[in-house]
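These are my notebook entries on one protein chain.

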Amino acid sequence: MPKISDIVKENKLFDSKAFNKLSPKEQDCITEIFETVDNGNDDVFIFTRFEDAIEDCCKKYGIQRQQIDNFIDNQTNDILGEIVWVIQ
C-alpha cells in the first residue's frame, strides 16, 4: 500500500499555492499531520488516523481546526480545478 507521504510528494502537496500561502507554523502543522498519518498504526482506519492527527497537531501548534480544513479545501480545489462545496 502506498504511503501518504509518497502520494503527497507525487502530487506536490508541499509545492502548491495553497501550501505556500500558509504561515510557517501552519506549514509545519500540515507536514506533521501527514507524517503522523504515515507513521501511524496500520490497524487503525486511515480516516481515523487522519482525524486524530489533525486534532493532535492543531492542539500542538495552537492552530484552529478550521484553518486546516480550509487548507484541505483549497488544496483540493487547486488539484481538481473546481470549487468543492463545503457546508459550514
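Predicted model: local features only at pLDDT ≥ 70, side-chain atom pairs only at ≥ 80, totals over all residues.

**Entry 1**

I began with Asp69, whose relative accessibility of 22% makes it partly exposed, because buried would require a value under 20%. I then looked up the contact of the Asp69 side chain and found a salt bridge with Arg65, at 2.9 Å from N to O. Both residues belong to helix α5, where they stand 4 residues apart, about one turn of the helix.

**Entry 2: the other partners of Arg65**

Which residues are joined with Arg65 into one network? I found that Glu51, Glu55 and Asp69 are connected with Arg65 through salt bridges that share partners.

I took the two glutamates in turn. Glu51 meets Arg65 in a salt bridge of 2.9 Å, N to O. Since Glu51 is in helix α4 and Arg65 in helix α5, this pair ties together parts 14 residues apart in sequence. For the salt bridge of Glu55 with Arg65, I noted 2.7 Å between the closest N and O atoms. Glu55 is likewise placed in helix α4 and Arg65 in helix α5, so this contact ties together parts 10 residues apart in sequence.

I also looked up how accessible these residues are. Arg65 is partly exposed at 23% relative accessible area. Glu51 is partly exposed at 37%, and Glu55 counts as partly exposed at 36%. For the whole structure I recorded 4 salt bridges.

**Entry 3: aromatic pairs**

How many aromatic pairs does a search of the whole structure find? The search returned 3. One of them is Phe19 with Phe71, an edge-to-face pair with 6.2 Å from centre to centre and 70° between the planes. Phe19 sits in helix α2 (residues 17–20) and Phe71 in helix α5 (residues 65–80), so the pair ties together parts that are 52 residues apart in sequence.

I next examined Phe34 and Phe50, whose ring centres lie 5.7 Å apart. Phe34 belongs to helix α3 (residues 24–38) and Phe50 to helix α4, and the pair links distant parts of the chain, 16 residues apart. Phe34 is buried, its relative accessible area being 15%.

**Entry 4: confidence**

The mean pLDDT of the protein is 81, and 76% of the residues reach 70 or more. Where is confidence lowest, and where highest? The lowest mean, 55, belongs to helix α1 (residues 4–10). The highest, 94, belongs to helix α4 (residues 46–61). I note that helix α4 also holds Glu51, Glu55 and Phe50.

Terms used
Residues numbered from 1 in each chain as written. Heavy atoms only, no water. pLDDT = per-residue confidence, 0-100. Helix = DSSP H or I, 4+ residues; strand = E, 2+ residues; numbered from the N terminus. Phe/Tyr/Trp six-rings, centres within 6.5 Å; stacked < 30°, edge-to-face > 60°. Buried < 20%, exposed > 50% of the residue type's maximum accessible area, 1.4 Å probe, protein only.
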